[in-house]
Amino acid sequence: MTIRLIKKDEISQVQKLAIATCASAWKDYYPQRSIDYVIKNDLTLEKLDSKISESSFYVVLNDKEIIGCGGIKPMNKTESAIFAIFVSPLHQGKGLGKVIMETLENDKFGKRANRIELPSSLPGIPFYKKLGYEHKNGKLNYGDGQFIMEKRFKL
């Protein structure tokens, strides 16, 4: 297993991973029309490319296959945002999500932040809570179809 920054020609592989993960992990939590909406509107190559270009975006490879990914970008001088955490359904439950999160928190945008925010799907909340993330401002914040979570750091 290798984790490294994404290469420009890998965005379509990330898109396929994201679509497969949403279709599998969300099916018991969201109506199919909601999943289809996210895939059609939020997981386009253009939107992914735009988000990836303004961030540190990592991929996890098993040989040459991308099996996980995630990005972190600055929101302002003291806060950052994590996004697009996806682990292949075939590789979930093996610690890859934790490795991705540790990599992002130790990235230049993670180390300089006193607060990191991330959007979570409903099934992702327990995972992020295990890593020290809580609901933003201690309240259940819901926007754009996702729950907003945060972790505060002492610098």
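Cys22 is buried, its relative accessible area coming out at 0%. The model is a predicted one, and Cys69 gets the label buried too, at 0% relative accessibility.

What about disulfides? A search through the whole structure turns up zero of them. For Cys22, the closest cysteine sulfur sits in Cys69, and the gap is 9.9 Å, which is too far for a bond. A pair counts as a disulfide when the two sulfur atoms lie within 2.5 Å, so the 9.9 Å between Cys22 and Cys69 rules that pairing out. Seen from the other end, Cys69 is in no disulfide either, with the sulfur of Cys22 as its nearest cysteine sulfur.

Next comes the largest pocket, which holds about 1,200 Å³ of space. Its lining is made up of 41 residues, and those closest to the centre are Ile85, Phe86, Pro119, Ser121 and Tyr128. Sorted by class, the lining has 21 nonpolar residues, 11 polar ones and nine charged ones.

On the helical side, H1 (11–25), H3 (45–53), H4 (96–105) and H6 (125–130) each give at least two residues to the lining of the largest pocket. The strands that do likewise are S4 (79–87), S5 (115–120) and S8 (146–152). Strand S4 provides the largest share of that lining, with seven residues.

Methods:
Residues numbered from 1 in each chain as written. Predicted model: local features only at pLDDT ≥ 70, side-chain atom pairs only at ≥ 80, totals over all residues. Heavy atoms only, no water. 1 Å grid on protein atoms, 1.4 Å probe; cavity = no way out; pocket = protein on both sides within 12 Å on 5 of 7 lines; lining within 4 Å. Points joined across faces, edges and corners; volume = space filled by probe spheres on them. Helix = DSSP H or I, 4+ residues; strand = E, 2+ residues; numbered from the N terminus. Nonpolar A, V, L, I, M, F, W, Y, C, P; charged D, E, K, R; others polar. Buried < 20%, exposed > 50% of the residue type's maximum accessible area, 1.4 Å probe, protein only.
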